[in-house]
Amino acid sequence: MIVESSTARFDGLPLDCGANLSPVDVAYETCGSLNSARSNAILILHAFSGDAHAAGISHETGKAGWWDNMIGPGKAFDTNRYFVICSNVLGGCRGTTGPSSVNPATGCPYAMSFPVITIADMVRLQKMLIDGLGIRRLLAVCGGSMGGMQALQWAVDYPDQVAAAIPIAATVRHSAQQIAFNEVGRQAIMADPDWHDGNYYGGPPPARGLAVARMVGHITYMSDESMREKFGRRLRGKENFGFDFDVDFEVESYLRYRGTQFVNRFDANSYLYITKAMDYFDLTAGHPSVAAALDPARARFLVISFSSDWLYPSYQSQEMVRALRSRNHDVAYVQLESNYGHDSFLVDVAEQSTLVAGFLAATFEKLA
Amino acid sequence: MTAQPAHKTPFVPELLGRSDYAIIGEIVDPATQVLDLGCGEGELLEWLAANKNVDGRGVEISGPRVQRAIARGVSVFQCDIEEALADYPDAIFDYVILSQTLQETRRPLHVLREMLRVGRRAIVAFPNFGHWRVRLSMLVSGGAPRTRLFPYLWYESPNIHFLTVHDFENLAVAENLTIERRYFLAGHRKVTLVPNLLAEVAVFLVSNPRAGN
């Protein structure tokens, strides 16, 4: 399945901070085909470092999508039945307008003059894209982690446009621990002398800071058990300690590799802006309770969490489920057993696939 | 498959392999809201949705069972029964079903009261500990009874609160509950005489007249 990237341009996007971003580009990809009733569209929402290339083989890069194990013919998001859309988030660096985009007013990249954005802003832009594609109502919105936050935001902000929401390994608000890890990443980037207050475009990027940020991120995406299984205390290409500060352990090598790889595909300023959007995320702000915050939603919900996910622990999903239940929303929930930590929703997808496929089929049937 | 009207024939066919499901399937009115506690893999809710246009929710503690229920399109969430009930507002369900699970709950009276708080009616099915085989088993063996319905060794049994038909009816009186319908089963046969001795399974439809239905 070869997929091509498209871009849609919008004249302006009002933001929560009060600014208006103009113009705004959105990079997106689609798989499958929209039926004549336009009732089979599913919006996939990517996590922090993801992009629009969720499934299939990219026409541009030849690489498989980040959720290719979930999306495709006969898979959980069956592209023989459903029309699947995924767009790069606002503030991203993979085709959608973000801090690395050129500000038409100055002819230079926005850098830190880019307005601070929120999850609701990202969703507002996605809504414009969906409207532009002529889809009145989405069969489902689904994503893991930050994608799950967007799914919740969709369900609350556009209740009549979402038949089903599938937030996976997500939360209704970022916790102190989640904010803390994001702040470590941001500080690593901003402490890099190459960052230059964000004005590094045209010169070397703050590669060391961004790599350290990614290393911390990767630790939080795994679990104690998965790291023990994957690396243990194994040494990297040596029998004994080197008694220096080169790589001794496999886990060091892995983290350094991941950090370096990340620099090649991700913009440091996007890291700052998107993590800030996640940290600002609190659906309950201005509401007396989680239940009141989620009450406008009309979607069926499938909520999934993972046993070894300590970054977005099950209690956060359960809080969401309890709140939905207390207002008698239609909600299904299960914690899946997995050792892969927060990454489970990306890598340990067998059970998740069965759940999503059954839930989508039932939703589609109810709508028909 | 449809549930036969149980009052017309002493023979109760199986629904999804269970006679108590056949009775529950008959009791539940069409197009109602139903909460099934301990719903297993959601077979009953799926049947009620398909055959009676019921809007159902299920609660189940076992993760693998919840997975299979969700995969068949039923809205089930993984939760302890008591905790699940506590979250619901008053009187939002037409029926709350507890099938073959009351004897497994830690606080059965609390569960029953909660069922009749969140639902206008409760359907409770349970194995009758007063059945003559249970009594005989205990009398003869001198050990904890083991029968077709109570097959477990005492240390493996999930059943922690044994009750009989009499016990439940006495509780209904003590709690001022109205027993709207009662069904007694032995295998696939309906029991009409001395149910406390002859019924293996009892199914009660109860409501709380004070709840102002």
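I began with burial in chain B of this predicted model: of its 213 residues, 46% count as buried.

I then looked up the overall dimensions of chain B. The C-alpha trace spans about 45 × 40 × 35 Å along its principal axes. A compact globule with 213 residues would have a radius of gyration near 17 Å, and the 17 Å of chain B therefore agrees with that.

Next I checked the make-up of chain B and found 8 helices and 8 strands. I also looked at contacts between residues at least 6 apart in sequence; in chain B, 60% of these join residues at least 24 apart.

I turned to helix H1 of chain B, residues 19–27. H1(B) is mostly covered, with 7 of its 9 residues buried. I noted the buried ones as B:Ser19, B:Asp20, B:Tyr21, B:Ala22, B:Ile23, B:Ile24 and B:Gly25. Their cover includes helix H2 (43–52) and strands S4 (93–99), S5 (119–127), S6 (178–186) and S8 (201–207) of chain B.

In chain A I looked up one helix pair, H3 (residues 176–190) and H4 (residues 207–221). I recorded a packing angle of about 160 degrees, with the axes 7 Å apart. Angles over 145 degrees count as roughly antiparallel, and H3(A) and H4(A) are therefore roughly antiparallel to each other. The crossing of H3(A) past H4(A) is right-handed.

I listed the residues that make this contact. H3(A) supplies A:Phe181, A:Val184, A:Gly185, A:Ala188 and A:Ile189. H4(A) supplies A:Gly209, A:Leu210, A:Val212, A:Ala213, A:Val216, A:Gly217 and A:Thr220. I sorted the contact residues of H3(A) with H4(A) into 8 nonpolar and 4 polar, with no charged residue.

Definitions and conventions:
Residues are numbered from 1 along each chain as its sequence is written. Chains are lettered from A and ligands numbered from 1 in the order in which they are written. This is a predicted model: local features need pLDDT of at least 70, side-chain atom pairs count only at pLDDT 80 or more; totals for chains, interfaces and linings use all residues. Axes are lines fitted to C-alpha atoms, for helices over the stretch in contact, and angles run from 0 to 180 degrees between N-to-C directions. Helices (H or I, at least four residues) and strands (E, at least two) are DSSP runs, numbered from the N terminus. Angles under 35 degrees count as roughly parallel, over 145 as roughly antiparallel, 65 to 115 as roughly perpendicular and the rest as oblique. A crossing is left-handed if the near helix is turned anticlockwise from the far one by less than a right angle, and right-handed if clockwise. Two residues are in contact if their C-beta atoms, placed from the backbone, lie within 7 Å. Ala, Val, Leu, Ile, Met, Phe, Trp, Tyr, Cys and Pro count as nonpolar, Asp, Glu, Lys and Arg as charged, and the others, Gly among them, as polar. A residue is buried if 20 or more other C-beta atoms lie within 10 Å of its own, exposed if 12 or fewer, and partly exposed in between; C-beta atoms are placed from the backbone. The radius of gyration is taken over C-alpha atoms; the globule rule is 2.2 Å times the number of residues to the power 0.38.
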